[in-house]
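Please look through the structure shown here before reading on.

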Amino acid sequence: MLVLLLLVWVPMSELDLYEWFYEVSRAHEDWDLDETVILLLLLPLPLTWYTWRRMREAQKQTERLLELERQLSHARKMDGLGTLAAGMAHQVNNQLQPVIGLSELIVVQTAEEDPRLRQLEMIRDAAMRARGSLDTVLRISRRRNEFGGEVDVTQNMADLVDMLSLSCPSDVTFLPIISDALPEPKMAWDDLESVIMNLFSNALAAIGGAQGSVTFTATPGQMSGVDGLFLSLSDTGVGITPDMLSRIFEPYFTSKPVGEGTGLGLWQVQELLRNVGGQISVDSQPGSGAQFKVWVPGIFRAEDNHWTKGSVAREAAG
Amino acid sequence: MAHILLIEDDAAVRDTFEIILGADGHQVTMAADGLQGLSLLRTLKVDLVLTDIIMPNCDGVEVIRALRKRADAPPIIAISGGARTSAVNYLEVAKLLGAQQILSKPVGAMELLRTISDVLAAQPVK
């Protein structure tokens, strides 16, 4: 813009055009030349404003692209890890075969009163637990969505709440608030249960033996026009620092001491939800607990019309 | 007891199964991969085939497919330790192709022996 002004101004002053212009404008006052000049001089202003606007838009676009690229590379990393985990699970399952197969064979062959029987059973049971962990990894990496067949959501939810109440230490108050008009989740119930159990055990770990409470809510709700379930688990625990908050869904990230957490829990939760088009988000302040919010797509079976049926909250403390 | 052909590429798993099957009195012939297993089956008459799924040189799925073409095919139990890093569940494929039973590794000794005797019991007497 400055260059443009210079380009006009230098030749005009060189050629004494100002003098000429003055005379012309005085001689023809009815032409309103002054106004035209002022208008021309003001022209750079909207142009500057327009340029600035476009620049901001471009900047935002670039940021958005960078964010998408970051998400994509994250997704690729996750996919890679899934493949790796599946391959590893296959290998370890083979390696566990002699341990499980032979320990069980010897258990059967060992006399009841033999003191080594108990030790053998311990070996077998430990290997069985390892097999259980691998099953989870395999199931997730296979991305099977075994949703299908009708599920009694109300009953299942009540069972789950009972189980959570039972596993809650006496210092922790468990507050379930479950709507009775929940849609059926479009997700294998076992997977949904494992999502909730994972979040619940994290909540208990955050409270860490102190006094506190865990609130679990389940309500129907739509996300961009799709029916589903909103679940939330909030605790009064230690909370999550902002730098940890950005990493908690990464595999192998754990705040627990070595040997206590695998760092796979929340990653598994996220993968399970992603496979069915669900979502998870977290809100937390260090020192004032954390709240995990989950949305799972669901469907209402014909018989329960949720628009007429009021949602009555069921509350219980345990 | 029965004569069982065991097709398994992992030597430790092969030996484990041999011990378990032997403990129940079965006679076991072993093959390290599908090709070896199928060539043994040309001359050998067995009561049951216990095959791994994921193996080099002709995997268990191919073994099942080849065996199913034969009129006098012995019953098959497919066993696998997981997926070949893909979305396909090979055990389900094995079942669809005609394996009588499928088992996931690691399998307990009693579960393996029970499955074998169930499959053998379900066979028509020849």
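How many helices and strands does chain B have? Chain B has 5 helices and 5 strands, where helices (H or I, at least four residues) and strands (E, at least two) are DSSP runs, numbered from the N terminus. This is a predicted model, in which local features need pLDDT of at least 70 and side-chain atom pairs count only at pLDDT 80 or more, while totals for chains, interfaces and linings use all residues. Residues are numbered from 1 along each chain as its sequence is written, and chains are lettered from A and ligands numbered from 1 in the order in which they are written.

**Chain B as a whole**
- Along the sequence, the elements of chain B follow the pattern β-α-β-α-β-α-β-α-β-α.
- Of its 126 residues, 41% count as buried, a term for residues with 20 or more other C-beta atoms within 10 Å of their own, the C-beta atoms being placed from the backbone.

**The sheet of chain B**
- Five strands of chain B form an open sheet in the order E2-E1-E3-E4-E5, with parallel pairing; two strands pair if DSSP finds at least two bridges between them.
- The edge strands are E2 (27–31) and E5 (101–104) of chain B, each of which pairs on one side only.
- Strand E4 (residues 76–80) of chain B is joined to E5(B) by 4 bridges, and the two run parallel; here B:Ile79 stands opposite B:Leu103 in E5(B).

**A helix with a buried side**
- In helix H3 (residues 60–68) of chain B, the residues B:Gly60, B:Val61, B:Val63, B:Ile64 and B:Leu67 are buried.
- Because these residues cover an arc of only 160° around the axis, they lie on the same side of H3(B), the arc being that of the directions from the helix axis to the C-beta atoms.
- An α-helix has 3.6 residues a turn, so residues three or four places apart point the same way.

**Strand E6 of chain A and its partners**
- Strand E6 (residues 290–299) of chain A is mostly covered, since 7 of its 10 residues are buried.
- Strand E4 (residues 228–235) of chain A runs antiparallel to E6(A) and is joined to it by 8 bridges, with A:Leu231 opposite A:Val294 in E6(A).
- Strand E5 (residues 279–284) of chain A is also antiparallel to E6(A), through 6 bridges, and A:Ile280 stands opposite A:Val294 in E6(A).
- In the hairpin of E5(A) and E6(A), which has 5 residues between the strands, A:Gly287 takes a positive phi near 90°.

Definitions and conventions. Buried ≥ 20, exposed ≤ 12 C-beta atoms within 10 Å, placed from the backbone.
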